[in-house]
Structures are given as C-alpha cells and as structure tokens.
Amino acid sequence: MSDTHAQTVAFVRETEIPPAPPPGRETGVYKWMRENLFSSIPNSVLTIVALALIYSLLSGTLPWLLNGVWNTSSLQECREVLDGQVGACFSVLTERWNQLLYGFKYPIDPAYESPFMQYWRPNLALLLLLIALAPVLFFDLPRKLLAFTAVYPFIAFWLIWGGSILVPIVALLGFVAAGVVFQKYGKGSFAVGFFGGILAAIVVWNVGGFLIPEGASENAMLAAVPSRDLGGFMLNMMLGVTCVSLSVPLGIALALGRQSTMPLIKWICVVFIEFVRGVPLITLLFVASVMLSYFFPPDATVDLFLRVVIMITLFSSAYIAEVIRGGLAALPNGQYEAADSLGLDYPQAMRLIILPQALKISIPGIVNVAVGLFKDTTLVSVISMFDLVGMIRGPILASTEWNGVYWELLGFAAFLFFVVCYGISQYSQWLERRLATDHR
C-alpha cells in the first residue's frame with residue numbers, strides 16, 4: 001500500500017469502445033466456404049471430388065456448346081464448317097423448328113410472311129390457354145374470368161382443328177343443357193340430375209348434328225385439320241393439358257367411390273383402380289390404337305386423338321384416385337363429425353369441409369402424377385403419333401440431311417420438358433405455401 005501513489009485513481013471509460021470489424025475468417029466467401037464446403041475432412045474431400053467432376057463435365061460440354069453452328073442446311077455442311085473442331089450442329093433446330101413444335105403436316109397460313117404468324121392458330125390457342133388457366137391457378141383473380149375458362153376448350157378446339165364453327169357451338173350447348181338440368185333436378189336427387197343432364201346433352205348433340213350441313217367444314221372460315229396432322233411439342237402439350245384436366249375430377253370421383261358404403265360402387269372403383277394400375281400405359285395405348293374402336297358403334301369413326309385421351313385419362317385418374325384417397329385417410333374423424341354436427345349432407349360435407357382439406361394434403365402427389373403424365377405423353381410415338389420424340393425419331397433422323405444428329409435434338413426435347421415440368425413444380429410449391437394454415 002505504501003508503494004501506491006497518492007494520486008492514483010480508478011479509470012472509468014465514459015464512452016463506448018468503437019466496434020471492431022470481425023476477423024477475416026468470419027466474414028464473406030471465406031466463412032461460407034469454411035462452413036458449407038470445408039467444415040470437416042469428409043466434406044472437404046467430397047467438395048474437391050465434386051469440383052473435379054464439374055470441371056471435367058464443363059470442359060467437355062462448353063466447347064461443344066460455344067462452337068455450335070446455327071446456319072447450315074445439313075449435317076455435312078456443319079462438319080465442313082467445324083473442320084474437325086468440337087462443336088454442336090444446332091442448325092437442325094433452326095431448320096426443323098416448325099416440325100419439332102407443330103409437326104410436319106400442320107397447315108400454315110400463307111397470308112403471313114412471319115414464321116410465327118404462319119402458325120397463328122396454335123399460337124393463339126396457347127396464349128388463350130394461359131389466360132384460361134390464370135383464374136384457376138391464381139384464385140385472387142376475379143371469379144368472373146372462370147366463364148372464359150369454361151368456354152376455352154371449345155374455342156381451342158375450333159382454332160386447332162378448324163372446320164365449321166357450328167361443331168363447338170353445338171358441343172357447348174350440350175354442356176349448357178346438361179348443367180341446367182342438373183341444377184334444376186340435382187338438388188332433389190343427385191342421380192336424377194346427373195343422368196338427366198347426360199340425357200339432355202345427348203339430345204342436344206344429336207339434334208345439333210342433324211342441323212349442321214354436311215359440307216360445312218369444307219367452306220369453313222378455318223381449314224379443317226385432321227388429328228393425324230397434329231404433331232410436335234404441340235401434341236404433347238395438348239395431351240398433357242387435356243388428360244390432366246379430365247383425370248383430376250375423375251380421380252376425385254373414384255377416390256370417393258372407393259370409400260363409399262355402397263358395395264357395388266365401392267367394388268367397381270376398386271376393380272377399376274387396381275386393374276388400371278397393374279397395366280402398363282403403353283399397353284393401354286396399343287388398346288386405344290387397335291381395339292378401342294370396337295367398343296363404339298360400327299358406323300362411328302372415333303378419332304385416334306380422342307381414343308388416346310380416353311386411355312391416358314383413365315390411366316392417370318387411377319393414380320390420382322389413390323393420392324386423393326391418401327389425403328382423405330389423413331383427415332381425422334373429427335372433421336367428418338363436425339360436418340355431421342352442422343347438419344350438412346354428404347355432397348355439402350365433401351364440397352365445403354372434407355375435399356378442400358384432402359386436396360391440400362394431396363397437392364404434392366397430384367403434381368407428381370401430373371408431371372409423370374406429361375412426360376409419358378411421349379409414349380404416343382409408338383402408335384404412330386408424331387409428337388416431339390416421334391418427330392425426332394421419325395421424319396428428322398430419317399432424312400438424309402440430319403441423319404446422325406442426336407444430342408442436339410434430344411437435348412432440345414429435354415429442355416422443353418424440363419421448362420414445363422419445373423414450372424409445374426414451382427407452382428405447386430407456391431400453392432402449398434399459400435394454403436399453409438398450420439402454426440409456423
């Protein structure tokens with residue numbers, strides 16, 4: 001104590017010390033790499049191996065892509081331009097893009113010089129499809145737009161197939177008559193309204209068929225296009241959109257029928273679902289191509305496109321029915337009891353309480369089936385329908401100009417399917433986040 005200076009006092013800082021920057025290894029790219037790529041010896045080894053694989057892949061792919069040739073008229077000319085260098089022959093895409101997208105027989109409109117406008121009919125149908133799907137996919141939009149969604153299938157039919165405009169008008173009137181009859185008599189008895197609506201539609205279609213003149217398609221505003229002239233990626237899109245749109249409501253009906261307390265309805269649904277799930281799709285396509293016409297009247301000429309749509313729809317509806325049945329089974333019994341306590345009958349309970357929750361649970365499974373179904377539309381090439389893969393395997397590779405071009409064509413097909421399937425997947429994830437009502 002004696003050594004302590006008399007004037008020594010404790011120092012108390014009156015201001016805060018200015019913050020010091022964090023160490024360099026705790027910020028920026030270095031920190032991210034240390035925590036995510038080199039956090040341990042095994043992770044470091046895997047990172048190095050992955051980088052080596054990526055380098056080997058890019059070193060072989062990038063020169064092939066960057067040295068690609070786009071402006072030749074044959075594979076031989078591509079090889080002459082490349083002169084021994086590594087490069088892709090993308091000229092097949094610029095030369096045959098119309099066959100890849102629309103098929104090689106779909107008629108063009110000579111009144112337009114622009115290649116895009118020459119195929120204005122399918123392009124306009126695709127644009128209207130996006131408008132028609134908008135109120136269905138995004139429920140914040142005005143519900144009045146659903147009226148255009150209901151009319152769109154008939155507009156698209158007339159744009160793509162052409163012919164007399166009276167055909168889609170008569171078809172629309174048949175559905176309108178069925179809806180009116182169902183609304184009037186379905187409240188008292190579902191069976192009476194349902195079968196009465198079917199009978200009303202059949203009557204309207206038969207009467208309208210007699211009223212349409214025989215040569216109406218020949219003098220129509222839009223030239224008639226037979227289904228055998230449809231092809232390319234357009235055919236894949238048509239089959240995918242049509243079959244998914246039809247298989248979802250049919251799958252819901254099958255799922256509810258399988259849980260029905262009526263033995264006849266239950267066993268019909270069980271036998272149908274198990275039989276369809278046990279048969280490969282390619283077998284059903286052969287049945288659609290060869291045998292399905294025998295189940296129609298002898299004088300009926302059922303279009304091959306319609307037969308394929310029927311078989312693919314039945315096939316996918318069986319899988320969707322099982323997905324929705326899983327969603328129904330996941331609901332607690334308290335939801336059914338709540339519907340009963342509110343005095344709701346079976347249709348009201350399913351429409352207002354049960355199905356909204358079951359469908360929300362089933363979104364991932366339904367999207368998985370939809371993506372698989374869209375990719376399975378390429379199987380129609382085995383029954384002589386020239387979709388995108390059929391065009392590649394058939395007319396394009398069979399030509400002397402492009403025989404031997406594989407990677408460019410198949411890569412283009414993979415890119416188109418990836419864009420559509422990835423878009424469907426991203427929408428389903430957004431929809432799940434939007435409909436999430438649990439505690440987070």
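Q: How far apart are the mean positions of the positive and negative charges of the protein?

A: Lys and Arg count as positive, Asp and Glu as negative, while His and the chain ends are not counted. Each charge is placed at NZ of Lys, CZ of Arg, CG of Asp or CD of Glu. Here the mean positions of the 25 positive and 28 negative charges are 8 Å apart. This is a predicted model, in which local features need pLDDT of at least 70, side-chain atom pairs count only at pLDDT 80 or more, and totals for chains, interfaces and linings use all residues. Residues are numbered from 1 along each chain as its sequence is written, and side-chain values use heavy atoms, with hydrogens and water left out.

Q: How many helices and strands are there in the protein?

A: Helices (H or I, at least four residues) and strands (E, at least two) are DSSP runs, numbered from the N terminus. The protein has 18 helices and 0 strands.

Q: Why is the protein described as more spread out than a compact globule?

A: The radius of gyration is taken over C-alpha atoms, and the globule rule is 2.2 Å times the number of residues to the power 0.38. For 440 residues the rule gives 22 Å; the protein has 31 Å, well over that, so it is more spread out than a compact globule. Its C-alpha trace spans about 125 × 80 × 40 Å along the principal axes.

Q: Is Trp267 buried or exposed?

A: Buried means under 20% relative accessible area, exposed over 50%, and partly exposed in between (1.4 Å probe, protein chains only). Trp267, in helix α11 (residues 263-277), is exposed, with a relative accessible area of 54%. Of the 440 residues of the protein, 35% count as buried.
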